Each structure stands twice: as C-alpha cells, then as structure tokens.
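Here is a short briefing for a reader new to this structure. Please look over the sequence and the model, then read on by topic.

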Amino acid sequence: MIALRNVTKSFGEILALKSINLSVCKGKLHGLIGPDGAGKTTLFRILTTLYLPDSGHVTIDGMDVVKSYKKIRRILGYMPGKFSLYPDLTVEENLKFFAAVFNVRIEENYELIRPIYSQIEPFKKRRAGALSGGMKQKLALSCALIHKPEILLLDEPTTGVDAVSRREFWNMLDHLISLGLTILVSTPYMDEAARCHKISLIHEGDIFKTGSPHMIVKAFHRPLYSLKTAHRLHMLTYLRKREEVYLAYPSGQSIHFSLHQSQKNIEKIIQSSGISYTHLSPKPADIEDFFMERMGGHAE
Ligand SMILES: Nc1ncnc2c1ncn2[C@@H]1O[C@H](COP(=O)(O)OP(=O)(O)OP(=O)(O)O)[C@@H](O)[C@H]1O
C-alpha cells in the first residue's frame, strides 16, 4: 500500500533520511518508532506530498507520490505532529472547514467519525485552542478522517497526551483498522509499539529494523536484568565499569542491564558494589531494550 525505496532527504548538511526502505501493507497498523530528530516527520511529509525526496522512489497504492500527488492527497488522511487545527475556530467550524477542503459534507461520513467526534460534540461551540490535549487530538483525528481516506498517517498523535486518552486513542486505531483502513503511526513511546501489527525502528534517518513487535524482541539474545535501587546513579556507574555488563541504562524507576553472557553469580556481582537495592530479576526484553541495545544506551 505504501512503498519507499532508497529514499533520501537532506536539509543542507543534515541527512534527515538515509536511503530508507519501508513497506506498509494494506489494512495494517504499522508503527514508526524512534526518538526526537530520527526523521519521522520528514518521512511523513514526503508521504503526504509536502516534501520531495532527493532520491529514491515512493508509491502509495501503486501511484508515484511526485507524479500523482493530487490523487494521493484524496486518499490520505494526515494528522501532523504539531496541533494543526485553527485555534480561533470552534470545534464545529474546524470540522466544517476540513470537510469543505475535501468537498464533502459532514453527514456523508459522520458514521466513520462518530465514535470519536461524539465525545467532543458537546463542546462543539468551544474554540479549538481552548480544548484539552486529549480533546484536541480527537478533533484532529476527526478532521483527518472527514473525507473518508483509505490511508491514515499519524505523526506522533499521542505526544503530550495523558495516559487514559492515549489508551482510548489506540483503541480507536484498532477500530479504524477493523473498518479496513491502513495506518502508519509514529511514536516516541516504545510501549505503544506493541499495539502495532508491524513496526519499523528509526534512528538518525536510518530504518534499522522492521518486523512484528514479537519477532523484534525475540531477536534480543543477551541476558537482561531489571534492578531497583534508591541510588540509581551510583549503581549505573558501578554497572558500567563491570566487564560482565554489556549495557546499563535507566528505564522508568528501574535500571536495566544486559550481560555479554549468562552469569551464575549475578547477585554477588551486584552485592559487591556495596550499594543497596530492593529488587533484582531477569526480564524479557521489550522494544525499548532492543532500541537501547542498538543505540548503545544513548536513545533517550
Ligand atoms: N526544514 C528543516 N530544515 C532543516 N533541518 C530539518 C528540517 N526538518 C527536519 N530537519 C532535521 O532533520 C532531522 C530529522 O527531523 P524530523 O523532524 O524528521 O525528526 P522526527 O523524528 O520527526 O523528530 P521530532 O519529533 O523531533 O520532529 C533532524 O535533525 C531535524 O533537525
């Protein structure tokens, strides 16, 4: 449905996309996972025909993004990362505006947006700029869907949104997939990756891994541990000096560390630090661990 072949894009000296390849299959929820500055927005702008790639080839539904940009714009719904609506227009006026741009009537496609829009409809006379983060996100999604696109491109839709709204949003994406839409969604939140059929991991303009979340974490082979301590910095410094430790990094309230190879005496190694800790256990790798391993612990 979406295919990028050897796509490169630079801004002066900055190589934002380094000959990337990506395939998104029809009807699938595909995640683009990567930290700030990885190149996610640049990729979306090429797909939405707003940027031209320097080299490479991009097709959407078999159409070339450069030659067939008008047709492509009709089948795409795009929710940009930054709040893209008109803050001085009301909720209702924003929706009407986007419907008018695509020359459709709201009633025609109301069924598609009803599960989302009905939640903000009680506030339809409120200015978009005065909505909460979660409500802005719902309005932006309603506007991106109002012309009934086949493909939805969502650039960091949950950044800065509370946990409940994030969960509701992902439930909504599942619903849209069940209706047959194809979705490419970017996120810096590694925990959201698990909700995608497939994910592509991107860092410094390079897509270095694509696969199902399950297959990707299965490829993690080093022994991995989780440790809790009130002295995180001391413990991290200690772990990073130990030759058995491959990588140690903070993760939430814990420290995760991987070893070059299995060690029978891991508790002894930790105890010999003299630093107190409350919890130590092996842990299965998740997407964040995979990312950190690849980045050598530097992907914040
Ligand atoms: N218009 C531009 N001019 C110059 N540099 C740019 C431009 N757009 C992006 N870049 C640079 O290209 C790289 C990729 O940026 P991009 O916005 O695509 O990343 P991102 O993954 O979306 O991250 P973020 O969430 O921080 O926007 C960054 O180094 C960024 O500074």
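**Briefing**

Ser226 stands opposite His256, a residue of β13. That pair belongs to a predicted model. The chain holds 10 helices and 14 strands. The points below cover the model as a whole, an open sheet, the helices across that sheet, and the surroundings of the ligand.

**The model as a whole**

- The predicted model has a mean pLDDT of 92 for the chain. In all, 99% of the residues reach 70 or more.
- Its scores are ipTM 0.95 and pTM 0.89.
- Along the principal axes, the C-alpha atoms fill a box of roughly 70 × 45 × 35 Å.
- The chain has 300 residues, and buried residues make up 35% of them.
- Take the contacts between residues at least 6 apart in sequence: 71% of these join residues at least 24 apart.

**The open sheet**

- Which strands form the open sheet, and in what order? There are 4 strands, in the order β12-β13-β11-β14. Their pairing is antiparallel.
- The edge strands are β12 (245-251) and β14 (279-282). Each of these pairs on one side only.
- From one strand to the next, the twist averages 20°.
- In general, strands of a sheet pair through backbone hydrogen bonds, in a parallel or an antiparallel sense.

**Pairings within the sheet**

- Strand β11 spans residues 224-228, and strand β13 spans residues 254-259. The two run antiparallel and are joined by 4 bridges.
- β12 and β13 pair over 6 bridges, in the antiparallel sense. The bridge partner of Val245 is Leu259 in β13.
- β12 and β13 form a hairpin with 2 residues between the strands. In this hairpin, Gly252 takes a positive phi near 60°.

**The two faces of β11**

- Side chains alternate along β11.
- Tyr225 and Leu227 point to one face and are buried.

- Helix α8 (residues 232-241) lies across β11, β12 and β13. Its direction is at about 165° to β12.
- Helix α10 (residues 287-295) also lies across β11, β12 and β13. α10 runs at about 125° to β12.

**Tyr238 in α8**

- Tyr238 is placed in helix α8.
- Is Tyr238 buried or partly exposed? Tyr238 has 18 other C-beta atoms within 10 Å, so it is partly exposed. A buried residue would need 20 or more.
- Leaving aside neighbours within four places in sequence, Tyr238 is in contact with Ser273 and Ile275.
- Tyr238 and Ile270 are 32 residues apart in sequence. In space they are 8.8 Å apart, C-alpha to C-alpha.

**Around the ligand**

- Which residues surround the ligand? They are Phe11, Ile14, Ala16, Gly34, Asp36, Gly37, Ala38, Gly39, Lys40, Thr41, Thr42 and Glu156.
- Two or more residues of this shell come from each of β2 (14-24) and α1 (40-47).
- The largest share, 3 residues, comes from α1.
- By type, the shell divides into 4 nonpolar, 5 polar and 3 charged residues.

**Helix α1**

- Why is α1 described as largely enclosed by the rest of the structure? The reason is that 6 of its 8 residues are buried.
- Those buried residues of α1 are Lys40, Thr42, Leu43, Phe44, Ile46 and Leu47.
- Lys40 and Thr42 are among the residues around the ligand, and both are also buried.
- Just after α1 comes Thr49, with a positive phi of about 65°.

Note on methods: Residues numbered from 1 in each chain as written. Predicted model: local features only at pLDDT ≥ 70, side-chain atom pairs only at ≥ 80, totals over all residues. Near = placed C-beta within 6 Å. Nonpolar A, V, L, I, M, F, W, Y, C, P; charged D, E, K, R; others polar. Pairing = 2+ DSSP bridges. Axes fitted to C-alpha atoms, helices over the stretch in contact; angles between N-to-C directions. Contact = placed C-beta atoms within 7 Å. Buried ≥ 20, exposed ≤ 12 C-beta atoms within 10 Å, placed from the backbone. pLDDT = per-residue confidence, 0-100.
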